[in-house]
Amino acid sequence: MKILKRLAICLFFISACNRDETTEPFEEVQIRVLNAAFASFKNCKVSTYDDLYNYGDIGVNEYSAYHTFQKAYRYGYVELTMNNRPYILQPTDFVGETPLSKGKYTYKIIYSEESKNIDIQLIKD
């Protein structure tokens, strides 16, 4: 019995020593889109940093499926068609912004009557 205990302790220490401490944990940010505008989205594309993803068509008050991004911010580039009119939301840059932490988020896309354009509101799911 003492031999089994010692063997188990040795195996524990050996496995702990073999870990690669330099490897950073994989940070996963999942984002979906909510259409909170007045009409359906056609060909809705989102880029959170340098990865453009096509969410496809999204009906009014509907959510897309989640997509995993390596890096994302509270806003991003959005390109879509609504009522046969193209809309683009182009961020200037991400200077001063902090990347989102690991988790699930929703980009709520709204239509502003004032600016006659789309905008994003971030929701932590």
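A: In this predicted model, strand 2 (residues 41-47) and strand 3 (residues 52-58) run antiparallel to each other and are paired over five bridges. Two strands count as paired if DSSP finds at least two bridges between them. The elements themselves are DSSP runs numbered from the N terminus, with helices (H or I) of at least four residues and strands (E) of at least two. Within this pairing, Lys45 stands opposite Asn54 of strand 3, and a hairpin of four residues joins strand 2 to strand 3. Strand 2 also pairs with strand 5 (residues 77-82), again in the antiparallel sense, over four bridges; here Lys42 stands opposite Thr81. In a regular strand the side chains alternate between the two faces of the sheet.

Residues are numbered from 1 along each chain as its sequence is written. Local features need pLDDT of at least 70 and side-chain atom pairs count only at pLDDT 80 or more, while totals for chains, interfaces and linings use all residues; side-chain values use heavy atoms, with hydrogens and water left out.

The loop between strand 1 (29-35) and strand 2 holds Ala37. Ala37 counts as buried because its relative accessibility is 9%; buried means under 20% relative accessible area, exposed over 50%, and partly exposed in between (1.4 Å probe, protein chains only). Apart from neighbours within four places in sequence, Ala37 is in contact (heavy atoms within 4.5 Å) with Val60, Met82, Ile109 and Tyr111. Ala37 and Ile118 are separated by 81 residues in sequence, yet their C-alpha atoms lie 8.2 Å apart.

Asn83 is not a glycine, but has a positive phi of about 55°. Asn83 counts as exposed because its relative accessibility is 54%.

The structure holds seven aromatic pairs. Rings of Phe, Tyr and Trp (its six-membered ring) pair if their centres lie within 6.5 Å; planes under 30 degrees apart count as stacked, over 60 as edge-to-face and the rest as tilted. Tyr49 and Tyr73 form a tilted pair, with 6.0 Å between centres and 45° between planes. This pair links distant parts of the chain, as Tyr49 lies in the loop between strand 2 and strand 3 and Tyr73 in the loop between strand 4 (67-69) and strand 5, 24 residues apart. Tyr49 is partly exposed because its relative accessible area is 41%, whereas Tyr73 counts as buried at 6% relative accessibility. A further aromatic pair, Tyr87 and Tyr111, is edge-to-face, at 6.0 Å centre to centre and 90° between the planes. Tyr87 belongs to strand 6 and Tyr111 to strand 7, so this pair ties together parts 24 residues apart in sequence. Tyr87 is buried at 5% relative accessibility, and Tyr111 is buried with a relative accessible area of 18%. Tyr111 is also one of the contacts of Ala37.

Tyr49 and Tyr73 belong, together with Tyr75 and Phe94, to one aromatic cluster.
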